[in-house]
Every structure is written in structure tokens, then in C-alpha cells.
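Keep the sequence beside the coordinates as you read.

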Amino acid sequence: MLFALIDRLKESCLYCTSSGAPPSVRIIHSGHACNVEEERYTERVYTIREGETLELTCLVTGHPRPQIRWTKTAGSASDRFQDSSVFNETLRISKIQRHQGGRYYCKAENGLGTPAIKSIRVDVYYLEDPVVTVHQSVGEAREQFYYERTVFLRCTANSNPPVRYSWRRGREYLSQGSDKGVEIYEPFFTQQGETKILKLKNLRPQDYANYTCIASVRNVCGIPDKSIVFRLTNKTASPNIKLLVEDPIIANPGDTVTLVCITSGGEPTPTLTWVRNAEGLPRKSVLNGGTLTLPAITTDDAGVYSCVASNNVGNPAKKSTNIIVRALKKGRFWITPDPYHNDDNIQIGREVKISCQVEATPPDELQFSWLKNGRPLRSSERMVITQTDPDVAPGTTNLDIIDLKFTDFGTYTCMASLKNGGIPEISIDVNISSTTVPPNLTVPRGKSPLVTQEGDTVDLQCLVSGKPKPIILWSRADKEAPMPDGSLQMESYDGVLRIVNVSREMSGQYRCQTSQYNGFNVKPREAIVELIVQYPPAVEPIYTEIRQGLGRAFTLTCRVLRAHPSRVLKYEWKLGTRLLTVGDFNQRDETEYHVRALNREGYGEYTCDITNEAGAGRCTFLVTGKAYPPEFYYDTYGALWQNRPRVYGFKLQWTQMNPGAVDRIKAYRLGIKQTGQQRWWEQEIQQEGNIERGQLLTYNLTELIKPESYQVRLTPITRSGEGDSTERIIRYSPPVNPHWNKFQCSFEEEAICMFTQDKTEEFDWTRHSAATRDTKYTPNTGPSSDRTGLKQGFYMYIETSRPRVAGDKARLLSPSFSVAPKNPYGTVTTNPTYCFSFYYHMYGKHIGTLNVYLRQKAQTGSDGVVWTLSGNQGDRWRQARVNIHPTSAFQIVMEGVRGSGIEGDIAIDDVAIEEGECRDPPPSNLISSASPTGRHIWQSCVTLLLALTAHRR
């Protein structure tokens, strides 16, 4: 069949000076919509049930083909559904959730005019299971010995649309005023959702019963009602619990901690849950009813654990305990010289203080001890051991040495431990001697400024002297910017800051500064190191493609954006490996290369390398004579046509992108294949003369097999060879919007020309032929052949045998037809006229009625009747023709109505719709129920003879 297709390709070119068109969009829906309503002032509202699949399709027009993007109110839609669907015509969200409701926008743009935007609001419907909670108030009456108990039953359910509640006690429905002891409040909104309250005042024995709350959204979107039952008894009570653990619980790392929570009251039986702070429970925790076990506990597992009991009566009961895991960490020290003298050095005869700090959990178990040269040291008049106020410096101990002597020189050790043990102690050694001096910072010679190149590894260095050596803190000195690891400050123990893979953004000044920890508690020492990062020139364009025809002149320009050092050494132009020109840069920031007349050897890749001390930046230009790709025109009116049963045709249209950029396009190579197949069939389409910008080109494809789809590839050809290709898919579809001159159907194919049955009626039309019909079952009715007299020919008829009853209807719907525009701008200036004709056979004493209706897309209400006939018309085929005047897309509805008995089969055949008025139309029979007269028979015979001549098969 494809050989025949290629052989019968027909070419025709249409010259159109304004084929480019700005975009327009329209949103249609599919999937599982419950309802689509038109809002008065805005767009449509699309209602869908939660969990269903949302499908919105953005139908676009415009040339070139517009680019599509879906967005949602308050940002892009891509964070809510698959990125791949954001830029497609069809937006698909599987299992839509309530938070995905909102207004969706389809934006289409193709560079012409302003972008086209349409929106639709998606309303997601849902109904959660209702929850009933019970609250009671007890008040003592004065001077009397009875209690008044008022019980409130609150029913809450989240829903969209708003929920409607009803209450039932046992099997009895409750309503306001139906029982004096019952009050039903109007719903109000809470954080949990819409709430309905049932008040039982001064409880009576009959009030102890099962109460059912029924939540309903009135079956919208097929959402069923949901209900919950609560049993109210004289034992109903809010929950009480007990914790069989201490508070707080102090444990060592690695211990197993078990928390036990039991209920001590409550009806119905409360459910127990455990929570930690505002977080979830540790992953390794084991929960068994009210018992929570934490194996191999760590410091990360510490926190407040709460047991919560709930039975929907009153408020939940909650009791908590705090788990503390012992820990010691971050041991630090600092030396403070005599604060009463302006001297940072340690001197004989003056005071010196050694401070030691440790973070401890729990802090009240922290204890310190001091050693001197490995021996215990006790507080004395000259060796004063104190503990700092926890509110000022928690976990800190101080050793004050009064009137320092030579004999005081030595190693002092601060020992930190917890009273109850369980974890290793921390020891910190501090040496006090004649060599203990405050720190000093310097930058080694030649290390600032430090010059490096982008991508290298560099070490910034500050030399630190003094004993003990403190921790060095590095930060940016010239601006508020993070360090390479992302923090604002980095620590170094040797004064070296290593930066791996240096980038140009890291250029600047860095500050190295002494920390008071593990050193002297004196004014910080600091120094500055400057880092200079060199990088090769950044140029533009990095890569660009230039298409030129032979003999033309053009200029290539390479521009420097930034570089360090900014003094550029030279530029070098090449074509492939052939050197074209070199030179030094002057004050300009760009270099140009001129081609005066392009020849075949001038095609290829041009490069321009601009170099400095750090390297080279390269501009690349690909000069080619390839033609730009064609742009398919997707808005062809009536592109698909079908005038034969098994094949269809397609009008392929396109424009050429930038046709004047290269040599004249001599031909197009057309490739076509069935989708899913491997083999391409190709043919060249010759082009005469120059193609103008915006010129619309047309090629008719015929012999396409129904209902196959085809992949089409179009490649322009110049004297330089093939250009860029463009592909598209051609899909067969029923003639929804065909631009037809005549539609004709004889029901010979099983597809019945895309007619469909109306499933809302009692029965269907049947496709049949007289050769296979059982005439013994229904004698004296129905045709004995098709309209042409062939027993093997097919027609459509209604079978009126049982179980059909009088008045039953069968409806046959034609395909949808668009009203063809009468001017080049695609608008209908006057109502067009079409001739609708068909043959009917109405034979039998119980014949009912045959009606023909016109259904128009833009109109609401009932279909308009255009032809009707009732009663026995004799055992022969007759033709009816009637003029119709649709104003928008339309369908023809053929309705057969069953008469009073089984001898009432009605048949139709050879349905046709043709542009223009009917030639000598028979009476339209808008109101007719009488038997045919002789004049009618004569007219029908003449018409039948003419029709047989015109439509001979």
C-alpha cells in the first residue's frame, strides 16, 4: 500500500504572505471529571474526585508551533507533578490529591504577539471518615442532692464540598425539636474541619444508646456517605493513665530503657501512643501497646517522651518523662595572665589563672579534680580551685595560682568526670613554665598576596608562635561570605587553610585569628592573607552556528567578557587546523574575522582562542550551508479527508525557516512510514523558484490506510546538500472537523462511517443485509434489499420485535461536522446551507415514526427537528432531502420510534450531506403521518430514478 501511496503523492503549493500567526489556546478536559461548570466572570471549574486521574489538554493554534507550559497558582506546576508533563499539551496528574486543586494555567508562545494564556480551576472533592468526640459538664444544683449532666457529642469530618450531617440514636433519626432533651446545633468550623454538635441535656435512661453520625456530600463525584457509631453508657468516661517510670530517667550510652504506660480509667478503652518532643520516635524503638523500649540508647535519643491516651471522650490524657543520656564532650582550656597588670606574659610573682571547660549531661553530675605533675592538687591559699557560676559559664573550673613561683612551673591536669560514672573521664593537660608565652601571628614571606589559578589546590598559611599554640580561626576579611566549606569560620590547628579546586569567587582577603581556647585568654592576634585567583578569559559566543550561502560575505566576532589577569596576550583564528590570523589585543574587548565571499572550502568550524597567563577561552563558529528545518503547519483547516472506505488523505503544510539564509532550496525529501515500522519510503518534492519567508507549502498525501498513523519526515535540499529535518506524526481520526464538499455513507463497512449509537435510549439501530436477515421472524415488514436492490448490500434498521414496546426509541448519531469558513480569516460571515439526504424504508402495518434532528455544539437545549414521517409508506425505498442551516459544528441525529406492534421495522441507507442547497428537494415532511398519495409516489419514483443515475455503485 505504501508503494501506491508514494506513487500517488500530489504536489501543490499555496503562496501565503502571512502564514505566521500568534498563538491561541483552549483548554479541554478528559479523564474522570465529575462536572465542568462555566463561571460567570472567569474560566471553567473542573470538579474531580480525590484519587482519580486529572487530564487537561491545551489545544493550541499558531505558526510556528507554539511552545506550551503549564503553571499553577502561586508558582510553577513542576513541584506538584511530573516535570515531563509541564511542557506537554496534555497535563496528567495520577491519583490527584486535595492540595493539588487550584487554578491551572496553560501558556503558549511562539514569539509572535503576546503569549496566549487560558486557565481552569480544578476543584478536588473528598470526604474523610467522621470522628465523634464526647464532652460533658457536671454542675451541682444548690440545696439539692442531684447532679445535672449535660453531654455534647461532636462530629467532625474534613470534606469538599461542605459536609451535611445527620444523627441517629439507635435506628431513630434525630432532628431539632424531635426530642425535648436533644438539641442539634448548626455546623461550625474548627481546625479539625466542619463540626456538628448534638447536645443531650440532663441525661435520661433512654439517652444511653448507640449514636450514629452520618457525613454526606450528597453523592457528588460518586463519593458515598460515611458514618461512625459511638456507644454512650453510664460508664462513659475520659481516659486516665499512669507512668510506671521515674522522671527524669538518667541512662548511660548503650543502656536499654523501657517506658511503661498503663490505663487507669476510661470508657471506651483508651488507645495509647508514645511521642517524643515534637519529633517522631527513634527508628530502633520497639512499641508494644503501652510499653516503649529503646535499645542501645544514644545521646540522640534523649528528650521528653509522652504517653497519650485517647478514647474520644473529653480531652486526651498525657503524661511525660525526660530521658537524659550521660555525656562528656568538648574539653577546652585557656590561660589568663594577671588581669591587674597590662601585660599578656606570665611573670614570677604575679597571678595566673588556668580555666578548664567541659560540656556535661546532666550538668549537676559534673565533677572536677586537678593534678600537678600527675599528683592530686588541693585548694590552698596560693592554689585556689573554684567552680564558675553555672549561669555565667556552665561546666567551668578555675585554678588560680597566687604569687607565681619557680616551683609552680609544671604540668597541670584538669580531670572531668560524672559522679555516677558510666562514661570515660576527660583529662586536659596545661603546661606552665618559663617558655609559656602568649601567641603571635605572622604571614610567611611570599605567601601574601598568593597567586593561583582556577581549579588548583592552594594552602593559605599563618605562622603561629607561642606556647601553648592556640586554635587558629579563618574567615573572610573583605566581605560577608562563607568559607569554602559553607561555614562562616573554619578551625585550623597548624595555621594552614587548604582550599581544593579554587574558583574565581574565592579571590579576596582572608583573616587568620587566634582563639582563646587552648591558649591565652588575651586580645586575639590576627593577620591577613590575600588570595588572587587567575582564570582564563570568559568569552562569547561559546558556540554558535552560522548558515550562509555560497558567495556571501559575513563577519565572525569573539568577545571577552572577563578575565584575570585582564591583560590579554593574543588572539588566534583558525578554520579547522588551518591558521587564519593571529594578533595582540588592543583596548577593544573583541576581535573580528571577515569572510568576503564564502566558497565551498570556507565551510567548517572556525575557532578563536583568546589567551592570558591562566589559559585560553574559545569561541567556536560552525559555518554551514545546510538549510534550516521546515516548520510544519498544524492549523490546516480540514487537513484530513476521507472519500473511500479503507483509506484517507492528509494535507501536509509547512513553512521554511529562514529560507533566504542559505542557497535556494531545490527540493524536499519526503519520508513516510507507518508508526511502529522500521522501513521509510522516500520521494523528492521538486521546488521551482525561490521560497519566500512565511510562504505556505502544501503536499497532499493519499492512500493512507485507516486507521494507521504515520511518521512523516521532511528534509530541505540545497546545492550544499541536505538540511535539517523535521518530523511529525499523522494520526487518523474520525471526521470531527473535516472540510468536506460531500459526506456519503452507505453503511457497507462495519465502522458505519463513524456513526455512533445513543446509549441513553432504549435500544440501538442494527446494521444488516437482506441476504442474512431472518424474514420468518417478522414477516410483512422491513426491506428485502438495500437501496440499490442488492440483497448483499447493507443498511441500518430498527428491529421492533419483542422485547421492544410502543414508544421505544433508537438514535443514531452522525460524526461531528464543522461549518466551513467562507473567507480566508476563518470566520463564518453568513449561515451556510447544506443539503441532507437519505433513503428510508417504512413498510409494515405497525410502523412508528422516523425523526431527523439537527444538534449544534454551541446551542443548549433540545435538538432541532428538521424532518419527520410516520406510518406505513409501502414496501419500497424513498429518498428524503432537506436543507439545513447550522451556525456551528453540528451532528445529524436519526431517531426511530417503535410503533404499536412487531411489524414496524424502519430502515435507512445512503446518507449524504453536501454543501449548498438541495436540488428540487422533496417535501421536508415536518409534520406528516398520512399514508402516501399518488402524487407523492410519482415524485419519489422520479427522485429515485435520478438518484440511482447519480449515485450508481
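Is Cys261 buried or exposed? Cys261 is buried, because its relative accessible area is 4%, and buried means under 20% relative accessible area, exposed over 50% and partly exposed in between, with a 1.4 Å probe and protein chains only.

Some ground rules come before the rest. This is a predicted model, in which local features need pLDDT of at least 70 and side-chain atom pairs count only at pLDDT 80 or more, while totals for chains, interfaces and linings use all residues. Residues are numbered from 1 along each chain as its sequence is written, and side-chain values use heavy atoms, leaving out hydrogens and water.

Confidence is the next topic. The chain has a mean pLDDT of 84, where pLDDT is the predictor's confidence in each residue, from 0 to 100. Of its residues, 87% reach 70 or more. Residues 78-84 have a pLDDT below 50. Beyond near neighbours in sequence, this stretch has 11 contacts in the model, a contact being heavy atoms within 4.5 Å. Residues 139-147 also have a pLDDT below 50, with 6 contacts beyond near neighbours in sequence.

Now the disulfides. The structure holds 8 of them, each a pair of cysteine sulfur atoms within 2.5 Å. One of them joins Cys58 to Cys106, with the sulfur atoms 1.8 Å apart. The S-S torsion of this link is -90°, and the link is left-handed. Cys58 sits in strand β5 (residues 54-63) and Cys106 in strand β9 (residues 102-109), so distant parts of the chain, 48 residues apart, are linked. Strands (E, at least two residues) and helices (H or I, at least four) are DSSP runs, numbered from the N terminus. Cys58 and Cys106 are both buried.

Return to Cys261. Its disulfide partner is Cys307, at 2.1 Å from S to S. This link is left-handed, with -75° about the S-S bond. Cys261 belongs to strand β23 (residues 257-267) and Cys307 to strand β27 (residues 303-310), so the pair ties together parts 46 residues apart in sequence. Cys307 counts as buried because its relative accessibility is 0%.

Further along, Cys356 and Cys414 form a disulfide, S to S 2.2 Å. Its torsion is about -80°, so this disulfide is left-handed. Strand β30 (residues 352-361) holds Cys356 and strand β35 (residues 410-418) holds Cys414, so parts 58 residues apart in sequence are tied together. Cys356 and Cys414 are buried.

Cys608 is in no disulfide. The nearest cysteine sulfur belongs to Cys558, 3.9 Å away. Cys608 is buried, at 0% relative accessible area.
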